[in-house]
Amino acid sequence: MAADVIDLILQDHREIERLFDQLDRHPARRPLLVPILSALLIAHDRAEEEEIYPVAREAGGTDEITRSQKEHLRAEDLLVKLELADAEDSAFDTVLTELADMVTAHFREEERQVLPAMRERLGEGQMEALAKAFLSSRDKHFGERPRDRRLSDLQQQARNAGLVGFSDLAKNELADLLRKLAGS
Amino acid sequence: MDYEQFVGIVLQELSQVNRESADRAAQATFQTLAERLSRGQARDLVEQLPGSGPWLFTESDAEPFDYDEFVLRVAKREGVDETTAERHARAVFATLGRSIDPGELGDLIAELPEDFGPLVAEAQGRFDELMPADEFVRRVAERAGLDFDAAGRAVEAILQTLAERLAPGEVDDLNARLARAFHPALKQGKDRQNVATRRMDRDEFLQRVAERSGVPAEAAFVLARAVLTTLREALPGEEFWDIAAELPAEYAVLWPAR
């Protein structure tokens, strides 16, 4: 009864969307919910970057994965802004709307292109192994902070985004490069 | 096996006590057990353990007290603290399991409620060691980045709130599998549960946890995840997942995936 990797990803998508909705509709719950959103979104994104995107990229989704990786980088930046915003301030609503719109559109894209292509091209055995790898990566990254990353993680993000020739860059340099890339 | 041989084995089970203490432990446990059992069951036991008659003799019906009360009574009879009494009672039950017929043991176990799990497990020789309370709290402190006292308050707040949310039978299972230091919190939660707490959603759960442990709402999620992750480590086999299965899917962010 191994879980299906695509179902696992979809479950996270729905839960994250539900959190956006609650954050929007129940301002009083914001202090409670922002840490959940932050932990879940980061763990989910990083597990995808580590385990799903490299495989999806190889399965032919080069352009989609480049775009998806950039969207993850932008989402983390917005998450930092959301954590810093005062929950009662209108700035919070602005950032929340921007983040929610961006992430929701990103999910739709993934669900329409990346995930079906994976299902089509990967064998059952690969999909099962991927489900395990995704869950264990997600647990490993649970509780990490936005922008707080190891060099090896940044290098994986760079590969996912289609960059080459970054292996000499130090952690800060690579982080800067990725941030610029996300903004472009 | 007669009573004298029985005490000899209890003596081996308990390190650093003399024969007199082992004798007192066996007497106190048997007297309390006699109060808990039906007259017929107590008489059956005496037949299996000649010489234990004075201690297992009872003329009253079974008193329906719980595990904590059992340990308390043993402690009073022995004149020791409850932690020591529990250790002694467990040694007596472990010995009991090896001394009487399996069928007789089955009858005895059938008369004891769910929360006597630790003693029953000893008697059946399948005891998985309970995670000591200090170890539990220490792991939570490390995970949540708290000092020991704050982590202790968080554990109690979360267990109490969990006990308000779960079916009473699940709370009894938890009680049997967690160190005694956590039992008051579980009992409080179980006593206070009502229709509303049984339906509590994840966010209400976290809100209560924040209030009870005296932390800001922002901290509740990290605390809850630290405690429930540790709970998963503390419970043997499928027990954690039995509890998880009772909670709606939105709670699943509070513990690592299976």
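This is a predicted model: local features need pLDDT of at least 70, side-chain atom pairs count only at pLDDT 80 or more; totals for chains, interfaces and linings use all residues.

Biologist: How much space is in the largest pocket?

Modeller: About 820 Å³. A pocket here is an open set of points on a 1 Å grid where a 1.4 Å probe fits, with protein on both sides within 12 Å along at least five of seven lines, and lining residues have an atom within 4 Å of a point. The volume is the space filled by probe spheres set on the points.

Biologist: Which residues lie nearest its centre?

Modeller: Leu8(A), Gln11(A), Ala252(B), Ala257(B) and Arg258(B), out of 30 lining residues. α5(A) gives the most to that lining, with eight residues; helices are DSSP runs (H or I, at least four residues) numbered from the N terminus.

Biologist: And the second largest pocket, how much space there?

Modeller: About 570 Å³. Its lining has 26 residues, with Pro35(A), Ala39(A), Gly143(A), Phe221(B) and Val222(B) nearest the centre. The top contributor is α15(B), with eight residues.

Biologist: Switching topic: which residues touch the most other members in the largest nonpolar core?

Modeller: Phe136(B), Leu178(B) and Leu254(B), in a core of 74 residues. A nonpolar core joins buried Ala, Val, Leu, Ile, Met, Phe, Trp, Tyr and Cys residues through side-chain atoms within 4.5 Å, and buried means under 20% relative accessible area (1.4 Å probe, protein chains only). Another core, of 36 residues, lies apart from that one and includes Phe6(B) and Phe70(B).

Biologist: How many aromatic pairs over all chains?

Modeller: Eleven. Rings of Phe, Tyr and Trp (its six-membered ring) pair if their centres lie within 6.5 Å; planes under 30 degrees apart are stacked, over 60 edge-to-face, the rest tilted.

Biologist: Why is the pair of Phe6(B) and Phe30(B) tilted?

Modeller: Because their planes sit at 40°, with ring centres 5.2 Å apart. Phe6(B) is buried, at 0% relative accessibility, and Phe30(B) is buried at 0% too.

Biologist: What about Phe70(B) and Phe93(B)?

Modeller: Edge-to-face, because the planes are at 75°, with centres 6.3 Å apart. Those two also belong to an aromatic cluster with Phe65(B), Tyr67(B) and Phe116(B).

Definitions and conventions. Residues are numbered from 1 along each chain as its sequence is written. Chains are lettered from A and ligands numbered from 1 in the order in which they are written. Side-chain values use heavy atoms; hydrogens and water are left out. Helices (H or I, at least four residues) and strands (E, at least two) are DSSP runs, numbered from the N terminus. Buried means under 20% relative accessible area, exposed over 50%, partly exposed in between (1.4 Å probe, protein chains only).
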